[in-house]
Amino acid sequence: VAAECYVSRSSVRRFCKSLGYGSFLDLKNEFKEYDDKMAISIKHYAREDYRSKLTSEINEMIKELDYRMDTEEVDDIIKRFHDAQNVIILTSDTSTSVIKNFQQSMALYGKIIYLVSDSYEDHSMLCEASEKDCIVSISVTGVFASAIAPYLKDRTSFKMLFTGNRSEKLHDGYDKVYHLSKRDVSDESSFMYGKYGIDYVFDIILASYVNSYRE
């Protein structure tokens, strides 16, 4: 790249840092992740009889999530949200819009939710989080959870993770891990769980919170 652009290697590194990347390798990985997401998207949308297959998959997913959310764990989640001094939700860009709706709805009922979807490396609230706070990570594929792990390991807050990845490695550093499915859905199914599944899960959490704590 340096040769093609007639600049030094250090110039390339400075350019990457000016875009917010730690190194040129980080920039390369970003493009690889983009290519992977594009491949998954094409595979998802290019299927024959897309409408009926999507409907069937959503119904199957919601049926399982309905079963998984019919538990006392939901009461524990909303109690931690209610009792926490600050609730900080970390999410990748793919789930940000869904969580923004949850954030806005919770504000109506008197609970401020803080959303961090980027710049988590030096976000002041995350860096200052204490044992009085609750940190929630949302990572359907597990990639985002792995990326933020180093920034959470020293936090004394109660930490929970919502994911579709069944890898045991993701449990490290979290007090509680909530799986979106009994099977690993971190591959092509992650697209659907990130778009529809997370929305459903946090709607159930919102409804439970409203019924328990609204004034």
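Select Asp-83 and Lys-79 to begin: Asp-83 forms a salt bridge with Lys-79, and their closest N and O atoms are 2.6 Å apart (a salt bridge being a side-chain nitrogen of Lys or Arg within 4 Å of a carboxyl oxygen of Asp or Glu). The two residues are 4 apart in helix H5, so about one helical turn separates them; helices (H or I, at least four residues) and strands (E, at least two) are DSSP runs, numbered from the N terminus. Asp-83 is partly exposed at 47% relative accessible area, where buried means under 20%, exposed over 50% and partly exposed in between, with a 1.4 Å probe and protein chains only.

Bear in mind that this is a predicted model, in which local features need pLDDT of at least 70 and side-chain atom pairs count only at pLDDT 80 or more, whereas totals for chains, interfaces and linings use all residues. Residues are numbered from 1 along each chain as its sequence is written, and side-chain values use heavy atoms, with hydrogens and water left out.

Stay with helix H5 (residues 73-83) and select Glu-73, then Lys-176 in strand E5 (residues 176-179), 103 residues apart, a pair that links distant parts of the chain. Glu-73 and Lys-176 form a salt bridge with the closest N and O atoms 3.2 Å apart.

The structure holds 5 salt bridges.

For the aromatic rings, select Tyr-45 and Phe-191, whose ring centres are 5.4 Å apart and whose planes stand at 85 degrees, so the pair is edge-to-face. Rings of Phe, Tyr and Trp (its six-membered ring) pair if their centres lie within 6.5 Å, and planes under 30 degrees apart count as stacked, over 60 as edge-to-face and the rest as tilted. Tyr-45 belongs to helix H3 (residues 24-45) and Phe-191 to helix H9 (residues 190-213), 146 residues apart. Then select Phe-81, Phe-102, Phe-162, Tyr-178 and Phe-202, which ring pairs link into a cluster.

Finally, show the whole chain, whose secondary structure comes to 9 helices and 5 strands. Its C-alpha trace spans about 65 × 50 × 35 Å along the principal axes, and 37% of its 215 residues count as buried.
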